[in-house]
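Thanks for coming. I have one structure to go through today, and I will keep to the geometry.

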Amino acid sequence: MEPVIERKMKSTEFEFPVTELIEHRRSRRAYSPKAVEPEKIKSLFEAARWAPSSVNEQPWFYLYATSEQSELWNKIFETLTPSNKIWAREAPLLVVAMYRKNFVRNDRPNGSAKFDLGAANAFLSLEATNLGLNVHQMGGFEKQRVIELLNIPETHEPVVILAIGYLGDMESLPENLREREVAPRERYTQDFFVLNKTF
Ligand SMILES: Cc1cc2nc3c(=O)[nH]c(=O)nc-3n(C[C@H](O)[C@H](O)[C@H](O)COP(=O)(O)O)c2cc1C
């Protein structure tokens with residue numbers, strides 16, 4: 001049998017129509033210093049609030065800091081990997097996205113919690129696009145450090161840090177990052193991940 005890797009196909013085009021928010025969402029790295037309005041911050045978390053979750057547990061939990069809250073913002077920022085720090089330092093809003101490990105109702109482990117957090121982050125990201133904001137999720141951070149600095153209890157698990165803000169000037173980025181900003185995005189075509197028969 002042909003190795004799977006040989007069959008994989010990629011494309012930079014949207015091959016079928018989707019809602020504009022999905023088409024326009026993109027994880028950018030150039031941020032404007034303009035603050036995110038408090039009501040827009042509320043709308044972002046409202047979008048996350050209405051995501052679906054297993055047995056409606058809603059296991060997501062967000063801790064955010066605006067750059068005006070410099071002490072808190074810095075505690076989040078300093079846990080980022082050096083490559084993320086290069087561009088995330090301009091983001092006016094940083095959000096630690098975590099999940100509650102156990103169900104509220106019986107304190108048993110919730111195997112869907114991380115999955116549900118992903119859905120909530122996706123809702124938040126699309127609402128951000130709707131509000132003219134950019135969200136860039138980062139798995140590149142020191143988990144233990146963020147737990148210590150923010151006193152995150154054992155009941156919660158941080159997964160990603162989100163850099164959020166209005167788009168800034170791409171010229172402010174180092175050249176290698178600028179190139180990535182303008183490069184077309186690539187995705188596997190559907191025949192790589194959609195099946196309408198048995199394996
Ligand atoms: C869970 C997760 C972790 C990510 N971690 C990083 C990261 O540490 N640094 C980074 O620059 N981008 C990170 N990204 C962004 C991805 O690289 C980006 O979503 C992907 O390249 C697709 O690009 P797009 O979001 O613009 O469509 C992460 C995205 C996700 C969902």
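A salt bridge here is a side-chain nitrogen of Lys or Arg within 4 Å of a carboxyl oxygen of Asp or Glu. With that in hand, Arg-28, Arg-29 and Glu-181 are linked in a network of salt bridges.

Before going on, the ground rules. This is a predicted model, in which local features need pLDDT of at least 70 and side-chain atom pairs count only at pLDDT 80 or more, while totals for chains, interfaces and linings use all residues. Residues are numbered from 1 along each chain as its sequence is written, and side-chain values use heavy atoms, with hydrogens and water left out.

Back to the salt bridges. The structure holds 11 of them. In the one between Arg-28 and Glu-181, the closest N and O atoms are 3.8 Å apart. Arg-28 sits in the loop between α2 (20–24) and α3, and Glu-181 in helix α8 (residues 175–182), so this pair ties together parts that are 153 residues apart in sequence. Helices are DSSP runs of H or I with at least four residues, strands are runs of E with at least two, and both are numbered from the N terminus.

Is Glu-181 buried or exposed? Glu-181 is buried, at a relative accessible area of 3%. The cut-offs are under 20% for buried, over 50% for exposed, and partly exposed in between, with a 1.4 Å probe and protein chains only.

Another pair is Glu-46 with Arg-49, where the closest N and O atoms are 2.7 Å apart. These two are three residues apart in helix α3, and therefore separated by about one helical turn. Glu-46 is partly exposed at 35%, and Arg-49 is partly exposed too, at 45%.

A further salt bridge joins the side chains of Arg-178 and Glu-171, at 3.8 Å from N to O. Arg-178 is partly exposed at 27%, while Glu-171 counts as exposed at 54%.

Next, helix packing. The axes of α3 (residues 38–49) and α6 (residues 113–130) come within 7 Å and cross at roughly 140°. Axes are lines fitted to C-alpha atoms, for helices over the stretch in contact, and angles run from 0 to 180 degrees between N-to-C directions. The two helices are therefore oblique to each other. Under 35 degrees counts as roughly parallel, over 145 as roughly antiparallel, 65 to 115 as roughly perpendicular, and the rest as oblique.

Now the loop between α3 and β2 (60–66), which is where Ser-54 is found. Ser-54 is partly exposed at 26%. Its C-alpha atom is separated by 35 Å from that of Pro-184, 130 residues apart along the chain.

Which value of phi does Asn-56 have? Phi of Asn-56 is near 55°, positive in a residue other than glycine. Most residues other than glycine have a negative phi. Asn-56 lies in the loop between α3 and β2 and is exposed at 52%. Gln-58 also has a phi near 55°. Gln-58 is in the loop between α3 and β2 and is partly exposed at 32%.

Last, the surface. Tyr-188, Phe-192, Phe-193 and Val-194 form a nonpolar patch with about 380 Å² of accessible area together. Patches are made of residues with over 30% relative accessible area and no salt bridge, joining like charges within 9 Å and nonpolar side chains (Val, Leu, Ile, Met, Phe, Trp, Tyr) within 5 Å. Accessible areas come from the Shrake-Rupley method with a 1.4 Å probe, and for residues only the protein chains shown count as cover. Val-194 lies in the segment after β6 (187–188) and is partly exposed at 44%.
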